[in-house]
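This report describes a protein model in plain terms. Please look at the sequence and the structure first.

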Amino acid sequence: MSSLEMIENRTFDEIVVGETASVTRTLGEQDIQLFALVSGDVNPAHLDAEYAAGDMFGRVIAHGLWGGGLISAVLGTQLPGPGAIYLSQSLRFKRPVGLGDTIIASVTVREKRAEHHIVVFDCCCINQAGEEVISGEAEVKAPTEKVRRPRMALPDIQLSDHDGFRRLIEMTRSGEPVPTAIAHPCTAAAILAAAAATEAGLIVPILIGPEARIHAAAMDAGKDIGAFRLIDVPHSHAAATRAVELVRSGEALLLMKGSLHTDELMGAVVPAATGLRTERRISHAYLLDVPGHPAPLIITDAAINIEPSLEDKADIIRNAIDLAHVIGIACPKVAILSAVETVNPAIRSTLDAAALCKMADRGQIIGGVLDGPLAFDNAISEKAAKDKGIVSPVAGRAEVLVVPNLEAGNMLAKQLTFLGGADAAGVVLGARVPIILTSRADSLRTSVASCAIAVLLARATPKATPGPIAKRS
């Protein structure tokens, strides 16, 4: 190994008065976030740009002990290095350290005490302007034996604060809460989701189900639902039917799944005469906030249409484009996925992709840019697209991923969620009103984000009215 890959100490006998060592580090946002994560210090002066702008320093600043940590790094890795025992440290914070500041942390030997092999260091941190930001003194018991060890590799760490979902919720702040029929909220999780969305100012809940079971669920959740409207019905099937009726009458502008099965709720939604069908095919979309990915991803359809036809896929894409517009994507890039990126007559999804792209060329699908077939890698990775020689405005930059069938979509969304750490908010589109599908596995954050999407859609959609509807089967 080269010397750059090794850590070697300075023993007490080798250390001389006046000797110095230093490290240089530029403060980045992730440095602050990691320090807050490890220490638990979430003071808004370090993490909240809006708050910090009005604070005495007018900007986000580092935790004081971040600079102290740089001093510790010098003592632990260079002078004296491995084998040193920290005995004491004083620090005086003279100036704030802000994002982008480059700090040189140095220690200088001031005194050696033969008894107990004590070394006293003057310590300082200086910024890029030559200004001292931290000064202090460290007392260290120096090693007496030589140590030379390989420098340990640090793990790669990726931080995700799911800014996309925060932005979604902020987009709903300017409007009024939306009346929402919640079908059969008879578990603590369902009550917590309803309460969280209510507290966020998103919905006005109408709880529909067996009254005794709803109150028991609220007790389990530790939530007071006394202010919520409650409609007593005997069972989940009746709850789904009554919730749809409230939407058809205009009393509710959103429909939300409680603790009943999705199939049972959708069974009340799809009948042409009594449900919430429109001329559009009903479809489901996940909005995923994926750690490390620069933009949200819409995956569709992963929950409703099992083996969609070409005509179904056209509506699925139209629904997804509408969703993209509502969340602020003016001209979404739509990738129609398959296992390969060339048309293969033996793979139906590649033929569908080609046909859908031609439909978009002829104005049958508008509002977005389509390309396909594309494999998942070259749909979201510009490098993968370049390696395959694919020249396209969509390849590598897709914002909507249209899957071949429900199985593919469900597996893709859940892989990103459970292996990739993504947050996945879901909504059903193409009905008279948006339908919020929650799951027992959803976090409250995800449930609230699902409600936020539905609220944005509801505010962008004319109020539902009763009457004849669907022409399609």
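## Second largest pocket

In this predicted model, 20 residues line the second largest pocket, and Arg 25, Asp 31, Leu 70, Ala 73 and Leu 154 lie nearest its centre. On a 1 Å grid over the protein atoms alone, a pocket is an open set of points where a 1.4 Å probe fits, with protein on both sides within 12 Å along at least five of seven lines; lining residues have an atom within 4 Å of a point. The volume, the space filled by probe spheres set on the points, is about 770 Å³.

Strand 2, helix 1 (29-39) and helix 4 each give two or more residues to this lining. Helix 4 gives the most, six residues. Helices (H or I, at least four residues) and strands (E, at least two) are DSSP runs, numbered from the N terminus.

Five strands form an open sheet in the order 2-4-5-6-3, with antiparallel pairing; two strands pair if DSSP finds at least two bridges between them. Its edge strands are strand 2 (20-26) and strand 3 (85-93). Strand 3 pairs with strand 6 (residues 132-141) over eight bridges, and Gly 136 in strand 6 is the bridge partner of Leu 91.

## Confidence and conventions

The mean pLDDT (the predictor's confidence in each residue, from 0 to 100) is 91, and 95% of residues reach 70 or more.

Residues are numbered from 1 along each chain as its sequence is written. Local features need pLDDT of at least 70 and side-chain atom pairs count only at pLDDT 80 or more, while totals for chains, interfaces and linings use all residues; side-chain values use heavy atoms, leaving out hydrogens and water.
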